[in-house]
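Trainee: I am new to this structure. Please take one part, look at it closely, and then lead me on to its surroundings and the rest of the chain.

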Amino acid sequence: MMNPNTKNSEKATTIASNVPESTVPIHTVQVLGINSVTLGYGIAGYVATQIVTLAPASTFLIGTDSNIAGLHLDSLKHSLQLALNSAGSNTRVLTYVVPPGES
């Protein structure tokens with residue numbers, strides 16, 4: 001593994017694009033050649049639609065810690081439910097919140 005602090009370290013491949021619900025570009029990071037991670041501001045609806053479209057399932061589980069849950073869980077769960085309803089899906093959305101920290 002290369003040290004990220006060295007000048008010769010490899011950088012992940014990213015793709016910048018725009019989505020209607022965000023005023024700033026989103027960045028999609030490729031992991032093992034697959035667009036896997038989406039980074040951006042105000043994109044819960046976009047991410048939820050992508051999840052519903054690209055990874056159909058009978059149940060989705062949103063796992064997070066209590067610090068992040070207080071900031072983003074309700075918005076993400078709501079966006080996921082809206083995307084599922086728009087797709088005519090009766091998929092369940094469950095949540096699992098753990099205490100913060102690495103224990």
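Mentor: Start with Thr-28, which lies in strand β2. Strands are DSSP runs of E with at least two residues, helices are runs of H or I with at least four, and both are numbered from the N terminus. This is a predicted model, where local features need pLDDT of at least 70, side-chain atom pairs count only at pLDDT 80 or more, and totals for chains, interfaces and linings use all residues. Residues are numbered from 1 along each chain as its sequence is written, and side-chain values use heavy atoms, with hydrogens and water left out.

Thr-28 counts as buried because its relative accessibility is 11%. Buried means under 20% relative accessible area, exposed means over 50%, and partly exposed is in between (1.4 Å probe, protein chains only). Leave out residues up to four places away in sequence, and Thr-28 touches Thr-13, Thr-14, Ile-15, Asn-35, Val-37 and Thr-38. Touching, or contact, means heavy atoms within 4.5 Å.

Now widen the view to the sheet. It is open, with 3 strands in the order β1-β2-β3 and antiparallel pairing. Two strands pair if DSSP finds at least two bridges between them. The edges belong to β1 (14–17) and β3 (34–39); each has a single partner strand, so one side of each lacks a neighbour in the sheet. On average, neighbouring strands here are turned by 30 degrees against each other, direction ignored. The axes are lines fitted to C-alpha atoms, for helices over the stretch in contact, and angles run from 0 to 180 degrees between N-to-C directions. Strand β2 covers residues 26–31 and is joined to β3 by 5 bridges.

Next, the whole chain. It has 2 helices and 5 strands. From the N terminus, the elements run β-β-β-α-β-α-β. The radius of gyration is 16 Å, well over the 13 Å that the globule rule gives for 103 residues, so the chain is more spread out than a compact globule. That radius is taken over C-alpha atoms, and the rule is 2.2 Å times the number of residues to the power 0.38. Along its principal axes, the C-alpha trace spans about 50 × 35 × 25 Å. Buried residues make up 19% of the 103 residues.

Move on to β4. It runs parallel to β5, and 7 bridges join the two. Across this pair, Phe-60 stands opposite Val-93 in β5. The covered face of β4 holds Phe-60, Ile-62 and Thr-64. Its uncovered face holds Thr-59, Leu-61, Gly-63 and Asp-65. In a regular strand the side chains alternate between the two faces of the sheet.

Phe-60 and Val-93 also belong to the largest nonpolar core. Such a core is a set of buried Ala, Val, Leu, Ile, Met, Phe, Trp, Tyr and Cys residues joined through side-chain atoms within 4.5 Å. This one has 10 residues, including Ala-48, Val-52, Ile-62 and Leu-84. Two or more residues come from each of α1 (44–54), β4 (59–65) and α2. The largest share, 5 residues, is from α2. Take Val-52: beyond its neighbours within four places in sequence, its contacts are Leu-80, Ala-83, Leu-84 and Ala-87.

Now the loops. Thr-91 sits in the loop between α2 (66–86) and β5 (92–98). Its relative accessible area is 10%, so Thr-91 is buried. The side chain of Thr-91 reaches the backbone oxygen of Ala-57 at 2.8 Å. A polar contact of 2.6 Å links it to the side chain of Ser-89. A polar contact is a pair of N or O atoms within 3.5 Å; within protein, one must be able to donate a hydrogen and the other to accept it, and residues adjacent in sequence count only if both atoms are side-chain atoms.

Ala-55 is in the loop between α1 and β4. It counts as partly exposed because its relative accessibility is 39%. Setting aside neighbours within four places in sequence, Ala-55 is in contact with Gln-50 and Phe-60. Ala-55 and Ala-16 are 22 Å apart, C-alpha to C-alpha, and 39 residues apart in sequence.

Finish at Pro-100, in the segment after β5. Not counting residues up to four places away in sequence, Pro-100 touches Asp-65, Ser-66 and Asn-67.
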